[in-house]
Amino acid sequence: MDKQSTHGALPSQGEPVGAAPPPPPSGAPVNSGFAAPPQPSPMAPPPPGAIPVVQNNPPSSPPPPPPSGAPVKTAAMPDEASNSPFSRFKPPEGQPHIFQDLGQKDGITKCPSCGGSDIALNIQTGLLRCNYCRHEFSEVSDGIDSDISRLTGLRMGMGASDIAYDASDVVTLKCTACGAEVVVDTNNAPQQRCHWCRNMLSLNQQIPNGAIPDAVMPFRVTKEQAQKLIEEFVGKRRFFAHPTFKKEFCTQNIMGVYLPYMVIDVNARAEFRGEGEHETRRYTVGSGNNRETRHDADAYWVGRDFDFYVDDLTIEASGDRLDQQTTVNSNNVINAILPFPLKDTVRFNANYIRGFTSEKRNVNRTAIENLVSAQVRDIARWQAWQNATFYGRGIRWDAENVTIKGELWKTVYLPVWLYSYMEIKSGGKKFLHYVAVNACTGKIMGSVPIHMPKLLAVSGVVQLIGTVLGVGAFLLLALGG
Amino acid sequence: MDISNLINTLAYVASDVDESALLPLVLLLSGFIFYGYMYTRYRNADKRHKHEMETTTIVANLVSTDTYFKSRKGLKNATMAGSNHKRVEGALNVGSGNKLLDMVK
């Protein structure tokens, strides 16, 4: 399934050139830093007033017809281990390939050493620890990733499949130790202790309500470390902080939260056409007060065609967190603590999130696919620039064509330490400030409520002094000229 | 308030201003610059995950074309007019953020 988004007009190979660039004059500077081009598709500037078009093409090669009846397990891909616990189902036509972890089981997760079921994360080591025998162990890798350069079509982890909004949040598990039926409310946690035998029962398999992701990243930063980071961050912003906030600020109530994210691998191709300028000379003209800097530049037709493989593009999978309008919330600071070292994620095991709160995913792939396409184009544009820095004055891309050949989506719980403060503004308007810590890397970002009268007063004083000095400097210049 | 936009605007204005007049201009705007800097430092409304450069990406099969066609003399601006090589569409908190939120179905 190829998905194409095009900005501007991009001529295909062999298409007549609308405005062929003139041959370089003799003695013209030679291109530096670039391989001699094998003259790919000719470049044509777009027609004047061309409107950028975003176009999503239908699949160019539909998947094979579906088998009758239920989905059938197909042969594993060559790059998948033959003993992989994952199955790949051949989907109905137009549907994505879904990977399901057949090795994952609901119910009692037992300590491999003593068989106990009272297991929780040890943040110091990032491992699961049995609370009876203190044995520590880890879940296996989530195992969904494969060679991105060979990705085709749409593939998804089971945890990224569409949410059934009518699916119940309450799931009943049968205790495998005593046979009792135990109700698990996934709105609270995917775990519940059996009320008869006290074994801990876990939901580890994906269910249609979006509560169970494909993978999880364990906390590594302890609460004490996060508190210290937050105190340092706020401590550097105390002078103009709101006095009520300063009085109430306390890091004891920070929360360890697992937030849901979509993580996407993309195999794509990009083609860029445009015009770039390389500065050849910078000089000053005029004299005295009329001095001005001028620039000479060479203009080039520029083209960059390349394949690119995006690894672990990360997007919020919660509607609340996707809303990042900074006039009404501070969710952007949670976005700013990305990225996470996603190679260290493990297969979801409810014991990892025990003792922490978690937010349930409520966003489907279709809701954010346009956002993902936009971000993939941004990545392509950045990579094109990284390979064209010769044009220090800039490049104006007149035509951009990014084609997504294959994509793999999965859902991951990522760990965040959150400090939140609700500011009540005049008129009763509320604004929720966050200070967020990436609980893997320790990266921190936050929003601190400002005491506006104080900031305006000090800015006014700065302006007054600046005005006096600025007028004086202008007078000196005038007299000196 | 987006401080990066403010800085870009100032840089653009400054690139067209007599260099000797730059310091007085900055002094005359010092109160606004101070306010913008402090507001951004406390609120961090301009901060975001820079997905375009922070996402691991491998480029392969690169084909480059660079064809000289013209020299331009005496340009006043330090940057190319209309350059868009660093344009970002997929940021939810700046620029086209509202438009992207509309895209979210």
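Is A:Phe272 buried or exposed? A:Phe272 counts as buried, at 0% relative accessibility (buried is under 20% relative accessible area, exposed over 50% and partly exposed in between, with a 1.4 Å probe and protein chains only). This is a predicted model, where local features need pLDDT of at least 70, side-chain atom pairs count only at pLDDT 80 or more, and totals for chains, interfaces and linings use all residues. Residues are numbered from 1 along each chain as its sequence is written, chains are lettered from A and ligands numbered from 1 in the order in which they are written, and side-chain values use heavy atoms, leaving out hydrogens and water.

**Aromatic pairs**
- Rings of Phe, Tyr and Trp (its six-membered ring) pair if their centres lie within 6.5 Å, with planes under 30 degrees apart counting as stacked, over 60 as edge-to-face and the rest as tilted.
- Over all chains, 23 aromatic pairs are counted this way.
- A:Phe272 and A:Trp397 form a tilted pair, because their ring centres are 5.2 Å apart and their planes stand at 55°.
- This pair links distant parts of the chain, 125 residues apart: A:Phe272 is in strand 15 (residues 255-285) of chain A and A:Trp397 in strand 19 (residues 394-424) of chain A. Strands here are DSSP runs (E, at least two residues) and helices likewise (H or I, at least four), numbered from the N terminus.
- A:Trp397 also counts as buried, at 4% relative accessibility.
- B:Tyr35 and B:Tyr39 are stacked, because their ring centres are 6.0 Å apart and their planes at 25°.
- Both B:Tyr35 and B:Tyr39 belong to helix 3 (residues 30-43) of chain B, four residues apart, about one turn of the helix.

**A ring cluster**
- Ring pairs join A:Phe219, A:Tyr258, A:Phe348, A:Phe356, A:Tyr413 and A:Trp417 into a cluster.
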